[in-house]
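Visitor: I am new to this structure. Please show it to me, and then I will ask about it.

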Amino acid sequence: MTKELIGRGLVPGVVEGEALVSHETISGWGGIDPARGVIIERRHELFDVSFSGKILVFPGAKGSSGWSGFFQSTRLMGTAPLAMVFTAMTTKAVLGAVVTRVPTVSEFGDVDPVGEIATGDIVRVDGDRGVVAIVRRAADQAAVPR
């Protein structure tokens, strides 16, 4: 059964892929390596984990206005996330999503996608309609033949 989270579409497009969930905000400038698409902030829960090609689910952006420039670099270097889903809509997070050009949804009201989605879940992000659908839970994937 598909669970849908209704939010506000910020960047159009529809993609489906594996979620990577951070319970901590992400720093763009100094917190990611755009050349590898990896979080490099030493104390971050996802230190040395790649977000490249994943649907990045996180509370929001922290740090300076350089956040958007670093995420734009991931697009230019081919290491960008597949989509972004975040809880707190700030100018740096929105601008980062826009320049990265990946489908993005935010503003979910009373629902926190960070608490609803788990790393490894397969999710569909519809930035046109503002819908994030949990297609398959990570725990259910073990039963799926490969």
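Visitor: What share of the 146 residues in the protein chain is buried?
Guide: This is a predicted model. A residue counts as buried when its relative accessible area is under 20%. In the protein chain of 146 residues, the buried share is 45%.

Visitor: How many helices and strands does the protein chain have, and what is its radius of gyration?
Guide: The protein chain has four helices and twelve strands. For 146 residues the globule rule gives 15 Å, and the value for this chain is close to that, so the chain is as compact as a globular protein of that length. The radius of gyration is 14 Å.

Visitor: Which residues form the aromatic cluster?
Guide: The structure holds four aromatic pairs. One of them is Phe58 with Trp67, at 6.2 Å centre to centre, and both residues are buried. The cluster is made up of Phe51, Phe58, Trp67, Phe71 and Phe86.

Visitor: Is the pair of Trp67 and Phe71 stacked or edge-to-face?
Guide: Trp67 and Phe71 are four residues apart in helix α1 (residues 67-77), so about one helical turn separates them. Both are buried. Their ring centres are 4.3 Å apart and their planes lie at 25°. Planes under 30 degrees apart count as stacked, so this pair is stacked.

Visitor: How far apart are the centres of the positive and negative side chains?
Guide: The protein chain carries 15 positive and 16 negative side chains.

Methods:
Residues numbered from 1 in each chain as written. Predicted model: local features only at pLDDT ≥ 70, side-chain atom pairs only at ≥ 80, totals over all residues. Heavy atoms only, no water. Phe/Tyr/Trp six-rings, centres within 6.5 Å; stacked < 30°, edge-to-face > 60°. Buried < 20%, exposed > 50% of the residue type's maximum accessible area, 1.4 Å probe, protein only. Helix = DSSP H or I, 4+ residues; strand = E, 2+ residues; numbered from the N terminus. Rg over C-alpha atoms; globule rule 2.2 N^0.38 Å. Lys, Arg positive; Asp, Glu negative; His and termini not counted. Charge placed at Lys NZ, Arg CZ, Asp CG, Glu CD.
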